[in-house]
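Here's a quick look at a pocket and the ligand that goes with it. Have the model open while you read.

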Amino acid sequence: MTAKSYDKNNIFAKILRGEIPCNKVYEDEYALAFHDIAPKAPVHVLVIPKGAYVDLCDFARQASADEIAGFYKAATKIAADLGIEDAGFRTIANTGAGGGQEVPHFHIHLLGGGPLGPMISGNSRGIA
Ligand code: AMP
C-alpha cells in the first residue's frame, strides 16, 4: 500500500511548524506532546510524531524503526513524567473517519489522572 495523502495544513502540522501555539509537555527528535485543548480527563495529552503521517496505519507502514521506537519511548516517558503510569492510564489512537479521527496527523491520546469510565460507551456499539 502507498503512503496516504498528507494534508500539510492540518492543525498539528501547523503546531509542529510553530505557526500556532500549543501547551507543550515534551519534545524530542521523534515526538511532540501537548495538552489537548478540550480535555476529556484530568490529564489529557496528545503525542504526535515529528514526521508527516496521516494515521496509525500510515505511521506503521511508512515510518522507520527508529521513528516508531522513538515515538513510543517518548509516549511512555511522558506518561511516567506526568505521574499517570503507576495508577494506570488509557492510550487511544483514533484512526480514520470511522474511528472518529478529526485531525489527520497521527497522534495518540494519553488519558489519566482520575477515573476514566468504560472503554467505550454502550451506544457506540449500537446498544441503546
Ligand atoms: P482525534 O479526534 O483523535 O483526531 O483528536 C483530535 C484532538 O485534538 C481532539 O481531542 C481535540 O480536542 C484536539 N485538538 C484540536 N485542536 C487542538 C489544538 N490546537 N491544541 C490542542 N489540541 C487540539
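## The largest pocket

The largest pocket has 27 residues in its lining, and those nearest its centre are Asp36, Ala38, His44, Leu46 and His109. A pocket here is an open set of points on a 1 Å grid over the protein atoms alone, with protein on both sides within 12 Å along at least five of seven lines; lining residues have an atom within 4 Å of a point. This is a predicted model, where local features need pLDDT of at least 70 and side-chain atom pairs count only at pLDDT 80 or more, while totals for chains, interfaces and linings use all residues. Numbering runs from 1 along each chain as its sequence is written, and side-chain values use heavy atoms, with hydrogens and water left out.

## Where the ligand sits

The ligand sits in this largest pocket, meaning that more than half of its atoms lie within 2 Å of the pocket's grid points. Helix H1 (11–16) and strand S2 (31–35) are the elements that give two or more residues to the shell around the ligand. H1 has the largest share here too, at three residues.

In total, 16 residues surround the ligand, the closest being Asp36, Asn94, Glu102, His107 and His109; to count, a residue needs a heavy atom within 4 Å of the ligand.

## Polar contacts

Now for the polar contacts (pairs of N or O atoms within 3.5 Å). Ligand oxygen atoms lie 2.7 Å from a polar backbone atom of Glu102 and 3.0 Å from one of Gly100.

Notes:
A polar contact is a pair of N or O atoms within 3.5 Å; within protein, one must be able to donate a hydrogen and the other to accept it, and residues adjacent in sequence count only if both atoms are side-chain atoms. On a 1 Å grid over the protein atoms alone, a cavity is a set of points where a 1.4 Å probe fits but cannot get out, and a pocket is an open set with protein on both sides within 12 Å along at least five of seven lines; lining residues have an atom within 4 Å of a point. Helices (H or I, at least four residues) and strands (E, at least two) are DSSP runs, numbered from the N terminus.
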